[in-house]
Amino acid sequence: MKLTVNFIINAHKILVSPFVIFLMWYYDNWSVSAFLYLGLHGTYSLLWLLKQDLYPDKRFEQKIPFWIGILTPFLPLAAYYIAPFLLISRHITLPAWIFAVAPAIYTFGIFMHYVSDAQKHYTLRLQKGIIDDGLFARTRNPNYLGEILIYASYALLSWHWLPFLILGCWILYFFKNMRNKDQSMSRHAAFNDYKKKTGILFPKF
């Protein structure tokens with residue numbers, strides 16, 4: 001049986017809220033910190049499903065065998081479930097400043113991730129080539145920057161070093177994809193000038 005990569009990723013997103021609620025029930029942890037995590041990660045997952053319906057990523061339409069889909073991408077993505085487990089199972093009481101900083105990082109991440117994906121999707125429907133305005137004017141990968149910020153907020157909420165290590169592994173994978181993207185875009189004559197005025201991840205000012 002073969003499934004699309006899209007199906008596997010969507011399944012991971014759909015399971016986030018039920019999994020977090022299960023942890024809250026199992027560990028009898030109905031704290032403000034647990035509900036904050038549920039709200040942030042659950043909302044991100046819902047927005048992902050809406051994005052995939054409104055402007056889906058063509059890369060994820062590839063079909064792969066079921067067992068490969070479980071090994072990758074599902075299991076690597078499931079590593080993100082460790083953050084709510086660490087927060088909820090240990091009954092962490094987060095310091096007050098986290099309730100300002102984590103949602104702020106998350107909100108910037110959501111903006112960068114979903115707005116840049118929308119810009120890329122609808123721009124490429126009208127014209128092919130390098131997108132060098134909007135969120136892509138100063139960074140070549142605002143979508144990856146957004147995703148890193150989103151999961152950095154979850155790692156912060158976990159109040160543990162392990163989710164940061166997991167995020168670091170994903171960042172290495174993202175950089176591999178960003179390098180491949182640069183190589184693909186280098187076929188365009190305007191790429192060298194675009195590369196000089198942008199950062200591969202962080203905006204260049």
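I began at tryptophan 48: the charged end of lysine 51 sits over its ring, 4.6 Å from the ring centre. I counted a charge as over a ring if NZ of Lys or CZ of Arg is within 6 Å of the ring centre and within 35 degrees of the ring normal. The charged end of lysine 13 also sits over the ring of tryptophan 48, 4.9 Å from its centre.

I note that this is a predicted model, in which local features need pLDDT of at least 70 and side-chain atom pairs count only at pLDDT 80 or more, while totals for chains, interfaces and linings use all residues. Residues are numbered from 1 along each chain as its sequence is written, and side-chain values use heavy atoms, with hydrogens and water left out.

Next I looked up ring pairs, with rings of Phe, Tyr and Trp (its six-membered ring) paired if their centres lie within 6.5 Å; planes under 30 degrees apart are stacked, over 60 edge-to-face, and the rest tilted. By this rule I get 22 aromatic pairs. One of them is tilted, phenylalanine 22 with tryptophan 25, at 5.8 Å centre to centre and 40° between the planes. Both residues lie in helix 1 (residues 5–26), three residues apart; helices are DSSP runs (H or I, at least four residues), numbered from the N terminus. I found phenylalanine 22 partly exposed at 41% relative accessible area and tryptophan 25 exposed at 55%. Here buried means under 20%, exposed over 50%, and partly exposed in between (1.4 Å probe, protein chains only).

I then turned to the nonpolar cores, which are sets of buried Ala, Val, Leu, Ile, Met, Phe, Trp, Tyr and Cys residues joined through side-chain atoms within 4.5 Å. The largest has 52 residues, and Tyr44, Tyr154 and Leu157 have the most contacts inside it. Helix 6 gives the most to this core, with nine residues. A second, separate core has six residues, among them Ile131, Phe136, Met185 and Phe191.

I checked tyrosine 154 separately: leaving out residues up to four places away in sequence, it touches Tyr37, Leu40, His41, Tyr44, Ala83 and Tyr106, with contact taken as heavy atoms within 4.5 Å.

Last, the backbone. Most residues other than glycine have a negative phi, and most peptide bonds are trans. I found a cis peptide bond between threonine 72 and proline 73, with omega about 25°; proline 73 lies in helix 3. Histidine 91 has a positive phi, near 50°, and is found in the loop between helix 4 and helix 5. Tryptophan 159 has a positive phi of about 60° and is found in the loop between helix 6 and helix 7.

Notes:
Helix = DSSP H or I, 4+ residues; strand = E, 2+ residues; numbered from the N terminus.
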